[in-house]
Amino acid sequence: MSEQGTHRGAGSPSPVSVERITHQDVPAICALYKRVWEPAPDGVPSEFVKSWIPTPLEFTSWMEGITYFAARRDGRVVGVVGLEMRRGTGRLVHLAVDPDARRQGVATALVKAGLDWARHANAPAVWTDALAKFPGAADLFRHLGFKDAGLLHRHEWGEDIRLFELLL
Ligand SMILES: CC(C)(COP(=O)(O)OP(=O)(O)OC[C@H]1O[C@@H](n2cnc3c(N)ncnc32)[C@H](O)[C@@H]1OP(=O)(O)O)[C@@H](O)C(=O)NCCC(=O)NCCS
């Protein structure tokens, strides 16, 4: 398994590299989450948006339990994802790609790095979730081989949450 990788999306000018983050990356990653979630998408309760834009201190505490990977193009952070190992299973969290870098394979490269990490940790499966009102996220996970694993109704701040799983 590799914790690093490169991916060249169709039509993208330069390759994307994916690597585990270090504490030096925290400001750039927090700035990315802000770019992704501000302004808040239509119809998404503000509690979500607050929970998705960590301060550097909050993100540093997330790093204690989660392995994060950043995607970079030309030295700039354009995407991030976390892989949390819990009870022997992997969970992908906090996936976000810069609005200017979408549909170029960035999320694909990040999710693959997370799956490699889960395999490395001998996880038999990886799961993730997304707001049901985000069809793009659902399409991405299905495109990457995840299967729908259920829908939790009004589960978080009144919103339906869709679950996805991939057996490794
Ligand atoms: C969802 C998100 C992570 C996708 O990132 P991305 O880098 O654009 O995804 P990729 O380029 O790797 O997409 C791979 C494939 O997934 C599917 N896909 C990705 N985004 C899609 C969208 N918005 N609509 C439909 N299909 C989509 C497509 O099949 C795509 O292949 P194609 O571009 O050749 O058609 C990105 O749009 C994002 O950050 N959104 C806001 C945050 C979010 O929704 N996070 C998800 C967890 S809640």
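## Close-up views of a predicted model

**View 1. Loop residue I21.** With 18 C-beta neighbours inside 10 Å, I21 counts as partly exposed (buried means 20 or more other C-beta atoms within 10 Å of the residue's own, exposed means 12 or fewer, and partly exposed lies in between; C-beta atoms are placed from the backbone). I21 sits in the loop between strand 2 (16-20) and helix 1 (helices, H or I of at least four residues, and strands, E of at least two, are DSSP runs numbered from the N terminus). Leaving aside residues up to four places away in sequence, I21 touches I29, Y68, F69 and A70 (contact means C-beta atoms, placed from the backbone, within 7 Å). From I21 to A70 there are 49 residues in sequence, but 6.0 Å in space, C-alpha to C-alpha. Residues are numbered from 1 along each chain as its sequence is written. The model is predicted: local features need pLDDT of at least 70 and side-chain atom pairs count only at pLDDT 80 or more, while totals for chains, interfaces and linings use all residues.

**View 2. Helix 1 and its buried face.** Helix 1 covers residues 26-37, and at 1.5 Å a residue its 12 residues should span 16 Å; the end C-alpha atoms are 17 Å apart, which agrees (the expected span is 1.5 Å times one less than the number of residues). Its buried residues are I29, C30 and L32. Seen down the axis of helix 1, these buried residues fall within an arc of 155°, so they line one face of the helix (the arc is that of the directions from the helix axis to the C-beta atoms). They pack against helix 3 (56-62), strand 3 (67-73), strand 4 (76-86) and strand 5.

**View 3. The shell around the ligand.** Of the 18 residues around the ligand, R102, A107, T108, G136 and D139 come nearest (a residue is near if its C-beta atom, placed from the backbone, lies within 6 Å). Strand 5 (89-97), helix 4 (106-120) and helix 5 (135-143) each give two or more residues to this shell. Helix 5 supplies the largest share, five residues.

**View 4. The protein chain behind the close-ups.** The protein chain has five helices and eight strands. Of its 168 residues, 29% count as buried. Among contacts between residues at least 6 apart in sequence, 59% join residues at least 24 apart. The C-alpha atoms fill a box of roughly 40 × 35 × 35 Å, taken along the principal axes.

Key: Two residues are in contact if their C-beta atoms, placed from the backbone, lie within 7 Å.
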